[in-house]
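Visitor: I've got this one open on my screen and would like a close look at a single part of it. Could you start there and then walk me outward?

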Amino acid sequence: MPARLKLFLPLILFGVLALFLMRGLSLDPKELPSALIDKPFPAFTLPALGSDETLDRQAVTGEVALFNVWATWCVSCRVEHPYLTELAQQGVAIYGINYKDEDAAALRWLQQLGDPYIANIADREGTLGLDLGVYGAPETYLVDAEGVVRYRHVGVVDERVWTTVLQPIYVQLQGGERG
Amino acid sequence: MMRQALLVSLLLAAVLAAAPSRAVIETYEFTEPELEERYQELSAELRCPKCQNQNIADSNAPISQDLRKLLHQQLEQGASDEEIRQYMVDRYGEFVRYRPRFSGATALLWLAPIILLILGVVIAMVTLRDRRQPGATEGAASASELTDAEQQRLRELMKKADSE
């Protein structure tokens, strides 16, 4: 019997390998979990875009909010901008992190395309981006009322992403806030 | 003449094509040569978060440029290798390390070569022993363990051969 089993060894090995490879097909290697999940939003002190105010961690936390990393040089940001505007109209709190951008260009963008943001953090050198672990715009962080990062989405936020991924967490976090 | 012109233009094209690839990676000045060595080592060991399989030394992604700048700054400020690695991991996760630290999740990764080596040695030993044993034991058994009946028959056969 063992001798006959040995004959099946290559087949078994093939089966195991095939299973692993099948699994590999459905994995997205670009999906990189943020190192900041369930950690507090990093402390910062940066100017607000288009005003003399400075913003810090305290000023932008306190409610469940989205933090959207964007820039005028980022093509996909232009794609997601209309949807962010729509979300803002629905009452979703969105802060902007204007990442490694020029203030003038960013202000012109907001003027032309509309401003869905409660406030914009002008992260000209990308220091806050670095502390957040941003590796390319657009990225959107979901931060709870205690200022803890709960989710990070890399790429464009559109209706599909919002309804299937972000909204469930958003609603859950808001529920927790009330209860 | 025609040929020469073609050759020259080809050479020129090659030189022009090579030029940008040399210009992509900026250089940093270090106050001590030892720092530069560590810079080379760390930038080869840290992975570009944006790219799938490039270290920050090789990558021209904006994030890699930023990280190289940061690496330079931190080295000049006297941070240790471990502090710098930890700084990166805190922000970008274990993903940025091409040499992941030993933990529950990476134990299999680190131990796999040793396990496979031991497995290979065991398989080789078993296979070799199996191959040697049948011949050796059979030979010994047939030489020493003839039954009385067999001995008898052997003698008869030999006698028969002699007489013929």
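Visitor: Let's zoom in on one residue: is Leu7(A) buried or exposed?

Guide: Leu7(A) is exposed, with a relative accessible area of 66%. Bear in mind that we're looking at a predicted model.

The loop between helix H1 (2-25) and strand S1 (45-47) holds Asp38(A), whose phi is positive at about 65° even though Asp38(A) isn't a glycine. Lys100(A) also has a positive phi, near 45°, and is likewise no glycine. You'll find Lys100(A) in the loop between strand S4 (94-99) and helix H4 (103-113) of chain A. With 24% relative accessibility, Lys100(A) counts as partly exposed. Further on, the peptide bond from Ala137(A) to Pro138(A) is cis, with omega near -5°. Pro138(A) belongs to the loop between helix H5 (127-132) and strand S6 (139-143) of chain A. Why point these out? Because most residues other than glycine have a negative phi, and most peptide bonds are trans.

Chain A also gives us a salt bridge to look at: the side chains of Arg150(A) and Asp144(A) meet at 2.9 Å, N to O. Asp144(A) is buried at 4% relative accessible area, while Arg150(A) counts as partly exposed at 30%.

Over to chain B, which has six helices and zero strands. Of its 164 residues, 24% count as buried.

Arg38(B) is buried, with a relative accessible area of 17%. The side chain of Arg38(B) meets that of Glu34(B) in a salt bridge (3.8 Å, N to O). Those two are four residues apart in helix H2, so about one helical turn separates them. Glu34(B) counts as partly exposed, at 41% relative accessibility. Arg38(B) also forms a salt bridge with Asp81(B), where the closest N and O atoms are 2.7 Å apart. That pair links distant parts of the chain, since Asp81(B) is in helix H4 (residues 81-92) and Arg38(B) is in helix H2, 43 residues apart. Both Asp81(B) and Arg38(B) are buried.

Elsewhere in chain B, Glu45(B), Glu82(B), Arg85(B) and Arg99(B) are linked in a network of salt bridges. Over all chains, the count comes to 13 salt bridges.

There's a charged patch here too: Glu29(B), Glu36(B), Glu37(B) and Glu41(B) gather in a patch of negative charge on the surface. Among them, Glu37(B) lies in helix H2 (residues 33-45) and is exposed, at 53% relative accessible area.

One last stop is Thr31(B), in the loop between helix H1 (2-23) and H2 of chain B. Thr31(B) counts as exposed, at 62% relative accessibility. The C-alpha atoms of Thr31(B) and Glu76(B) are separated by 7.5 Å, although the two residues are 45 apart along the chain.

How values were computed. Residues are numbered from 1 along each chain as its sequence is written. Chains are lettered from A and ligands numbered from 1 in the order in which they are written. This is a predicted model: local features need pLDDT of at least 70, side-chain atom pairs count only at pLDDT 80 or more; totals for chains, interfaces and linings use all residues. Side-chain values use heavy atoms; hydrogens and water are left out. Patches are made of residues with over 30% relative accessible area and no salt bridge: like charges are joined within 9 Å, nonpolar side chains (Val, Leu, Ile, Met, Phe, Trp, Tyr) within 5 Å. Accessible areas come from the Shrake-Rupley method with a 1.4 Å probe; for residues, only the protein chains shown count as cover. A salt bridge is a side-chain nitrogen of Lys or Arg within 4 Å of a carboxyl oxygen of Asp or Glu. Lys and Arg count as positive and Asp and Glu as negative; His and the chain ends are not counted. The place of a charge is taken as NZ of Lys, CZ of Arg, CG of Asp or CD of Glu. Buried means under 20% relative accessible area, exposed over 50%, partly exposed in between (1.4 Å probe, protein chains only).
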